[in-house]
Amino acid sequence: MTLHGELGSGKTTLVRGLLRARGVSGPVKSPTYALVEHYPLSSLYFYHFDFYRFVTPNEWDSAGMSDYFRDDAVCIVEWPERVGDLLPVPDLALSLSYATDGGRDLVAEAFTVAGEQCLSALAASATG
Ligand SMILES: Nc1ncnc2c1ncn2[C@@H]1O[C@H](COP(=O)(O)OP(=O)(O)OP(=O)(O)O)[C@@H](O)[C@H]1O
Ligand SMILES: [Mg+2]
């Protein structure tokens, strides 16, 4: 899943919320310098990326980035624009923007069947 939105639009906060919902109580910091942070969840691999400081495509290979994007891993990517075509097609792309009430607006787009199923489940839970 990719997270789009300008600086401070709430990408890291959204990831923190997802991890809290999965029972992670420790710190959830932006992986701006490390590029990736791993969270041990019982049933899946969870990786949080922030490519804001990603500069050259060589970094993708030298850091072994493609090894993270496996079927058994949840990968959430801030600043996907920085890596461009190197990034696999995401199941979902979420775009955050500032709302007039001080909160945030969210637009979600699915690119795969799994992504569509996720949005359907979300819509079903929202309407009850
Ligand atoms: N839904 C929200 N409503 C109100 N404030 C929010 C919301 N989401 C995040 N914020 C606030 O916005 C600030 C920036 O949030 P955050 O660090 O998550 O942004 P970001 O998109 O990850 O930024 P960056 O591009 O620098 O990584 C924080 O102070 C956070 O509390
Ligand atoms: Mg962030």
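Mentor: Helices (H or I, at least four residues) and strands (E, at least two) are DSSP runs, numbered from the N terminus. This is a predicted model, in which local features need pLDDT of at least 70, side-chain atom pairs count only at pLDDT 80 or more, and totals for chains, interfaces and linings use all residues. Residues are numbered from 1 along each chain as its sequence is written, chains are lettered from A and ligands numbered from 1 in the order in which they are written, and side-chain values use heavy atoms, leaving out hydrogens and water.

Trainee: Where does Leu35 lie, and why is Leu35 called buried?

Mentor: Leu35 is in the loop between α1 and β2. Buried means under 20% relative accessible area, exposed over 50%, and partly exposed in between (1.4 Å probe, protein chains only). Leu35 has a relative accessibility of 8%, so it counts as buried.

Trainee: What makes the phi of Leu35 worth a remark?

Mentor: Most residues other than glycine have a negative phi. Leu35 is not a glycine, yet its phi is positive, about 75°. Trp79 is another non-glycine residue with a positive phi, near 55°. Trp79 sits in the loop between β4 and β5, and its relative accessible area of 13% makes it buried.

Trainee: Which residues of helix α1 are buried, and how do you know on which side they lie?

Mentor: In α1 (residues 11-21), the buried residues are Lys11, Thr12, Val15 and Leu19. They cover an arc of only 95° around the axis, so they are on the same side of α1; the arc is taken from the directions from the helix axis to the C-beta atoms. An α-helix has 3.6 residues a turn, so residues three or four places apart point the same way.

Trainee: What do the buried residues of α1 pack against, and what does the opposite face carry?

Mentor: They pack against β1 (2-4), β2 (36-40), β3, β4 (73-78) and β5 (92-98). Contact here means heavy atoms within 4.5 Å. The face turned away from the buried side carries the exposed residues Thr13 and Ala21. Ala21 has a relative accessibility of 68%, and therefore counts as exposed.

Trainee: What makes Thr12 and Glu78 ligands of the magnesium ion?

Mentor: Donors are N, O and S atoms within 2.8 Å of the metal (3.2 Å for Na, K and Ca); water is not among the atoms, so sites may look incomplete. Thr12 (OG1) and Glu78 (OE) coordinate the magnesium ion (ligand 2) at 2.1 to 2.2 Å. Thr12 belongs to helix α1 and Glu78 to strand β4, so the pair ties together parts that are 66 residues apart in sequence. Both residues are buried.

Trainee: Why is the pairing of Asp72 with Arg70 called a salt bridge?

Mentor: A salt bridge is a side-chain nitrogen of Lys or Arg within 4 Å of a carboxyl oxygen of Asp or Glu. The closest N and O atoms of Arg70 and Asp72 are 2.9 Å apart. A search of the whole structure finds one salt bridge. Asp72, at 42% relative accessibility, counts as partly exposed, and Arg70 does too, at 32%.

Trainee: What makes an open space a pocket, and what is the volume of the largest pocket?

Mentor: On a 1 Å grid over the protein atoms alone, a pocket is an open set of points where a 1.4 Å probe fits, with protein on both sides within 12 Å along at least five of seven lines; lining residues have an atom within 4 Å of a point. Grid points are joined across faces, edges and corners, and a volume is the space filled by probe spheres set on the points. The largest pocket has a volume of about 740 Å³. It is lined by 28 residues, and those closest to its centre are Met1, Ala73, Val74, Cys75 and Asp91. Two or more lining residues come from each of α1, β4, β5 and α3 (113-127), and β4 gives the most, with five.

Trainee: How do you know whether Leu94 is buried or exposed?

Mentor: Leu94 has a relative accessibility of 8%, so it counts as buried. Leu94 is in strand β5, and its contacts include Met1, Leu14 and Leu106. Leu94 and Met1 are 93 residues apart along the chain, while their C-alpha atoms are separated by 7.4 Å.
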